[in-house]
Amino acid sequence: MKRPTILVLGAGYGGLTTVVNLQKSLGADDADVVLINKNDYHYESTWLHEAAAGTMSPESVRYDIANVINSNKVKFIKAEVQAIDVSGKVVTTNVGTHTYDYLVISLGFEGETFGIPGLDKYAFSIANVKAARQIREHIEYQFATWSTEEVKDDSRLTIIVGGAGFTGIEFLGELGNRVPELCKEFDVPQEKVRVLCVEAAPMVLPGFDPELVEYAVKQLNSKGIEFSIGTPVVEATPEGVNLKKGEDEFEFIKAGTVVWAAGVRGNRLIEETGIENMRARVKVDKDLRAPGHSDVFIVGDCALMINEEVNRPFPPTAQIAMQQGDMCANNIIALMKGNPTSEFVPDLKGSVCSLGDSDAIGVVFGKKVTGTKASFMKKMIDNRALFMIGGAGLTLKKGKFNLLK
Ligand code: FAD
Ligand code: NAD
């Protein structure tokens, strides 16, 4: 019998975990495992706020895919996926086409702008490592330009962060540490800098534990970060953003940098597959297959699963993407052997939100944590993700070991 081709699209948390598990469990002759990713490196999406603020170099956030795959068992192709035809079972990339017996779509997230005018054009999104580098360099450019221009435009030194969800708050935490460094480096008086977070909901980190939210806001305020709550961004222009402050009340805020961190959607390629989706996320079957497509698995941020306890989707996280990668590999192997597939049940251990290098808030195994203890846990979680994919070698090379700082 012809050995099956397993085609995995995307080398983020979901895709790489799938591939690493397949290569652990399959012999070199059992299947042709092909991994396609647009870069020859993986980046830690969960560290992108650090690269964007400039508290970590973009190089530290990424590692070569070749370091974690066994080339005897997995063929890696650097290519950009352009179309996925699930009826014809063909994937088109910029360097060729590929057929498959089993397809794993793990193409990750994109920033969601909800159609708000101007955001696509005038705001940055912490969506990948190149975008993070661009944000860092744009902020540095604004500081450098302010310090050399004769007629000073102070709005260059205003940074607006749209959204006070986990991404917005983690980015603000890094900015809290980075702004004093930038002021020193570019001879900018710190009182000229304004960092403002704008949130549509009536609270920061909507739905999170109020006591922890209060701690986070206090810590960020102490670093000079301001919040405008209950004031959705309704427009972005080349000069800044317009906020809705009341029924017919708006306020325009001039800013040299606008970073949009107000939510994510799945990869836009999903929308062209013909598979039913919501904001490019597919409500997958319990075994992670796309409804009506028994040979297509979807994992990570392109997949949507409902948490029946609260009747809302599970949040798109790396934690869930990696667990889905494990299960996806197991289920493909089960199908290859003619065995039944298993149901995916997320094992949620909690969540920790960093507030800069040495501070954080979180709920872990049901317990609240703050400060250096929470920050320590966040770094351990980051190191665990490296370990799960690349073992001790990768963890030692790329891990975070300033644990008690
Ligand atoms: P991704 O990690 O986005 O990977 C997708 C991969 O597909 C990438 O390698 C990309 O280059 C590739 N790709 C995309 N399009 C194409 C194409 N057309 N062709 C070829 N390749 C392509 N979650 C947590 O659980 N904990 C956290 O602490 C946490 N922190 C976060 C911090 C930030 C700043 C952000 C933005 C997110 C954070 N998340 C966190 C969420 C988490 O990062 C995502 O849920 C996770 O990355 C989803 O994994 P994935 O495998 O679906 O996709
Ligand atoms: P999110 O959807 O969690 O938060 C987006 C925020 O933007 C919300 O508070 C929302 O009210 C606000 N918003 C929406 N429209 C707005 C508007 N017009 N103006 C102003 N504010 C607006 O998105 P996220 O923070 O990007 O997180 C995406 C996913 O990644 C989530 O699942 C999150 O849990 C995960 N994540 C986890 C961590 C962590 O565990 N440490 C860190 C970052 C992200």
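Which backbone N or O atom lies 2.8 Å from a nitrogen atom of ligand 1? That atom belongs to Val-81. The legends below start from there.

This is a predicted model: local features need pLDDT of at least 70, side-chain atom pairs count only at pLDDT 80 or more, and totals for chains, interfaces and linings use all residues. Residues are numbered from 1 along each chain as its sequence is written, chains are lettered from A and ligands numbered from 1 in the order in which they are written, and side-chain values use heavy atoms, with hydrogens and water left out.

**View 1. Polar contacts of ligand 1.**
A polar contact is a pair of N or O atoms within 3.5 Å; within protein, one must be able to donate a hydrogen and the other to accept it, and residues adjacent in sequence count only if both atoms are side-chain atoms. Find Tyr-13. A polar backbone atom of Tyr-13 is 3.1 Å from an oxygen atom of ligand 1. Lys-378 uses its side chain instead: a polar atom there lies 3.0 Å from an oxygen atom of ligand 1. On its own, ligand 1 has 1,000 Å² of accessible area, and the protein covers 91% of it. Accessible areas come from the Shrake-Rupley method with a 1.4 Å probe; for residues, only the protein chains shown count as cover.

**View 2. The shell around ligand 1.**
A residue is near a molecule or strand if one of its heavy atoms lies within 4 Å of it. Ligand 1 has 32 residues around it; Gly-14, Val-81, Asp-301, Thr-317 and Ala-318 come nearest. Helices (H or I, at least four residues) and strands (E, at least two) are DSSP runs, numbered from the N terminus. α1 (13-25), α5 and α7 (318-336) each supply at least two residues of this shell. α7 gives the most, with three residues. By class, there are twelve nonpolar, 15 polar and five charged residues. Here Ala, Val, Leu, Ile, Met, Phe, Trp, Tyr, Cys and Pro count as nonpolar, Asp, Glu, Lys and Arg as charged, and the others, Gly among them, as polar.

**View 3. Polar contacts of ligand 2.**
Start at Val-352. A polar backbone atom of Val-352 is 2.7 Å from a nitrogen atom of ligand 2. In the side chain of Glu-170, an N or O atom is 3.0 Å from a nitrogen atom of ligand 2. Taken alone, ligand 2 exposes 850 Å², and the protein buries 76% of that.

Domain 1 (5-38 + 79-111 + 264-348) and domain 2 (119-258) both give residues to the shell, so ligand 2 lies between them. The domain bounds come from an automatic or database domain assignment. Among the 24 residues around ligand 2, Thr-167, Glu-199, Val-233, Pro-316 and Val-352 come nearest. α5 supplies the largest share, three residues. The shell holds 16 nonpolar, five polar and three charged residues.

**View 4. Two residues with positive phi.**
Most residues other than glycine have a negative phi. Lys-89 has a positive phi of about 55°. Look for Lys-89 in the loop between β6 (81-85) and β7 (90-93). Arg-279 also has a positive phi, near 45°. Its loop runs between β19 (264-266) and β20 (282-283). Buried or exposed? Lys-89 is partly exposed, with a relative accessible area of 27%. Arg-279 is partly exposed too, at 43%. Buried means under 20% relative accessible area, exposed over 50%, and partly exposed in between (1.4 Å probe, protein chains only).
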